[in-house]
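Colleague: Please walk me through this one, and tell me what lies behind the words you use.

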Amino acid sequence: MEDRKAVLEVKNIKKHFGGVQALRGVDFQLFEKETVALMGDNGAGKSTLVKCISGVYIPDEGDIFIHGEKANIRNPSDARKEGIETVYQDLSLAGQMDLISNMFLGREITKINLGVMKILDRRAMEVKTRKALESIGVSTVQTLKTETRNLSGGQRQALALSRAVSFGVKILILDEPTAAMGIKESRRIIDLILKLKEHEIPMILISHSVPIVFEVSDRIVIMRQGQIAGELTTAKANHEDIVSLMVGVGKGIGGE
Ligand SMILES: Nc1ncnc2c1ncn2[C@@H]1O[C@H](COP(=O)(O)OP(=O)(O)O)[C@@H](O)[C@H]1O
Ligand SMILES: [Mg+2]
């Protein structure tokens, strides 16, 4: 285990909002090919931690390393340049745009680009969108010209995930991807996550669902009150271990 390479390392991250200390010195690592489930009670600091990694928040203190090199992430676009793609529950997809436009939002393929005037290569973008969706096993979307707002929550997630894989993402972060979904849609998303695992993309998955965490993760990191409460190897963990770390009575392999 020791010679595993960390693709992401977070050291002593602190973040406060007014009087609330949301993160109190968090150390966290994500290794190659690994899916880490990030768990913890509401308010534990999970979303704040991933938002620091994805450039939504700038930490008050602490450093982030990508492949061992210190990263200077000041905004979401910096994070994306580092290969970090984050899929939030409330997806940042534009509802009135069609699938292709959303796929390439901010990364359009152009035939002619004169800076002020661009001519988009719709054909090339369509081919790439279809390929991306197929590569993660999505072939149910009838037409790529569908407006995104007509998609179900699951299909939107699928689009966001395929967007993530098709741009050579190095680290994928999913913040409660199945939270607002029914059983069928959740199942599709879990299958997509398993597909992404086959692609060996390192992932951080925030989820409250113990069954989902057991199915997809390799390691479980539990947060409590802005700190890492402990971690568990999924294959050796059980439900009670997770709960006791969440409420503060248990010891994980990395816990104090
Ligand atoms: N933008 C914000 N402004 C003020 N307080 C916030 C903000 N974001 C998070 N918090 C607070 O920080 C703490 C951690 O929140 P969060 O990271 O969302 O937890 P989790 O995702 O584990 O439920 C909570 O006390 C929350 O109320
Ligand atoms: Mg959250």
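**Terms put to the test**

Modeller: Let us begin with Gly 55, which takes a positive phi of about 80° just after helix 1. This is a predicted model, in which local features need pLDDT of at least 70, side-chain atom pairs count only at pLDDT 80 or more, and totals for chains, interfaces and linings use all residues. Residues are numbered from 1 along each chain as its sequence is written, while chains are lettered from A and ligands from 1 in the order in which they are written.

Colleague: How many helices and strands are there in the chain?

Modeller: The chain has eight helices and twelve strands, counted as DSSP runs from the N terminus (H or I over at least four residues for helices, E over at least two for strands). Helix 1, for instance, covers residues 46-53 and has eight residues, so it passes the limit of at least four.

Colleague: Which residues are around ligand 1?

Modeller: Near means a C-beta atom within 6 Å. Around ligand 1 we find Phe 17, Val 20, Ala 22, Gly 40, Asn 42, Gly 43, Ala 44, Gly 45, Lys 46, Ser 47 and Thr 48. Helix 1 gives the most to this shell, with three residues; strand 2 (20-31) also supplies at least two.

Colleague: How do you know that strand 1 and strand 4 pair?

Modeller: Pairing takes at least two DSSP bridges. Strand 1 (residues 6-17) and strand 4 (residues 61-66) have five, in the antiparallel sense, so they qualify as a pair. Lys 11, for example, stands opposite Asp 63 in strand 4. Both strands belong to an open, antiparallel sheet of four, in the order 2-1-4-5. Its edge strands are strand 2 and strand 5 (69-71), each pairing on one side only.

Colleague: Why are strand 6 and strand 12 said to stand at the edges of their sheet?

Modeller: Their sheet is open, with six strands in the order 6-9-10-3-11-12 and mixed pairing. Strand 6 and strand 12 (227-233) each have a single partner strand, so one side of each lacks a neighbour in the sheet. Strand 6 (residues 84-87) is buried whichever way its residues point: Ile 84 and Thr 86 one way, Glu 85 and Val 87 the other. Four bridges join strand 6 to strand 9 (residues 171-175), and these two run parallel. Within that pairing, Thr 86 has Ile 173 as its bridge partner.

Colleague: What does Leu 205 touch?

Modeller: Leaving out residues up to four places away in sequence, Leu 205 touches Thr 35, Ala 37, Leu 38, Leu 174, Ile 193, Val 216 and Ser 217. A contact here means C-beta atoms within 7 Å. Across the chain, residues 24 or more positions apart account for 64% of the contacts with a separation of 6 or more.

Terms used
A residue is buried if 20 or more other C-beta atoms lie within 10 Å of its own, exposed if 12 or fewer, and partly exposed in between; C-beta atoms are placed from the backbone. Two residues are in contact if their C-beta atoms, placed from the backbone, lie within 7 Å.
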